[in-house]
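Please look over the sequence and the model below before reading on. The text after them goes from the overall fold to one helix pair and then to a single residue.

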Amino acid sequence: MRLVLDVVLAVTLLEASVLLYSVYLHRSLAHGALRFRPGVNAVLRFVAPVVTNAVLRNWCGAHRLHHRHVDEPALDPHSPRVYGRLRVLLLTPRLLRQFRRRTTPRIDLIAGDIPATWLDRALGHVLVGSVIQAWILQIFLPVLDSVGIVAATVVGRVLIAGSVNNLHGGRGNGPSTIRNSRLVAAMAWGEGQHAHHHVAPSELAYTVLWSEDPGGAICRVLVRSGIASKESTPLVASKS
Ligand SMILES: [Zn+2]
Ligand SMILES: [Zn+2]
């Protein structure tokens, strides 16, 4: 029974972190599709790195470069054509770290609007975030269960990130490795609609159907309820 509860908790935490990735890091910060109210943004700025294990500026900068240079060697951080499908599936966070080391000046330039203090960088470290999450969980659960749940969510996020960047399926438009997958979209709050997203990256939603892009549906609810506003000026255009 305890194992079932642990699995349910791990899946819940994993999906919560992927939702935060999709709505906050990806659609809001990286693409400016929506802007959260200042108070909400102040909380998300510190909660999101801990939960997603992402340094905000590094992730957004690398992602904006990915949009501009799909499948270009050295400029797309996680192209299956450049790095191979297995490496992208299993090692996307490592590829992103290596990419950041090689391209820090470009990342700072293209994502200069994203905060990058020492605290932002520390909170986004996988060890720091995992320790904080496990410490909070162990208030309610045995320590071993807490560590196991956090470790499972880290592995789950790696596989979901690898799957989104590594799709087989509908091509959308163009010859790149970018594809759509309803299965991955269902697991990742719409992020599997990768080809649709690249056509119009600053749109709130990737498709009009909420069932194909539940993250987009949540964005619409956030805008309607006043928690966020829809941006009219896109920060990043698709590859020109
Ligand atoms: Zn992409
Ligand atoms: Zn994007």
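Predicted model: local features only at pLDDT ≥ 70, side-chain atom pairs only at ≥ 80, totals over all residues.

Residues are numbered from 1 along each chain as its sequence is written, and chains are lettered from A and ligands numbered from 1 in the order in which they are written.

The protein has 11 helices and two strands, where helices (H or I, at least four residues) and strands (E, at least two) are DSSP runs numbered from the N terminus. Along the sequence the pattern reads α-β-α-α-α-α-α-α-α-α-α-α-β. The radius of gyration is 17 Å, close to the 18 Å that the globule rule gives for 240 residues, so the protein is as compact as a globular protein of that length. This radius is taken over C-alpha atoms, and the rule is 2.2 Å times the number of residues to the power 0.38. Along the principal axes, the C-alpha atoms fill a box of roughly 50 × 40 × 40 Å.

Of the 240 residues, 40% count as buried; that is, 20 or more other C-beta atoms lie within 10 Å of the residue's own, with C-beta atoms placed from the backbone (12 or fewer is exposed, in between is partly exposed). Two residues are in contact if their C-beta atoms, placed in this way, lie within 7 Å. Among contacts between residues at least 6 apart in sequence, 64% join residues at least 24 apart.

Helix H1 covers residues 2–30 and has a kink of about 30° centred on Tyr 21, the bend being the angle between axes fitted to the seven residues ending there and the seven starting there. Just after H1, Gly 32 has a positive phi of about 65°.

How do H1 and H2 pack, and at what angle do their axes cross? The axes of H1 and H2 (residues 38–52) come within 9 Å and cross at roughly 135°, with axes fitted to C-alpha atoms over the stretch in contact and angles running from 0 to 180 degrees between N-to-C directions. H1 and H2 are therefore oblique to each other. Residues of H1 including Ser 17, Tyr 21 and Leu 25 meet Leu 44, Ala 48, Val 51 and Thr 52 in H2.

Ser 17, in helix H1, is buried, with 23 other C-beta atoms within 10 Å. Not counting residues up to four places away in sequence, Ser 17 touches Val 51, Thr 52, Thr 153 and Arg 157. The C-alpha atoms of Ser 17 and Ala 161 are separated by 12 Å, although these residues are 144 apart along the chain.

Conventions. Parallel < 35°, antiparallel > 145°, perpendicular 65-115°, else oblique.
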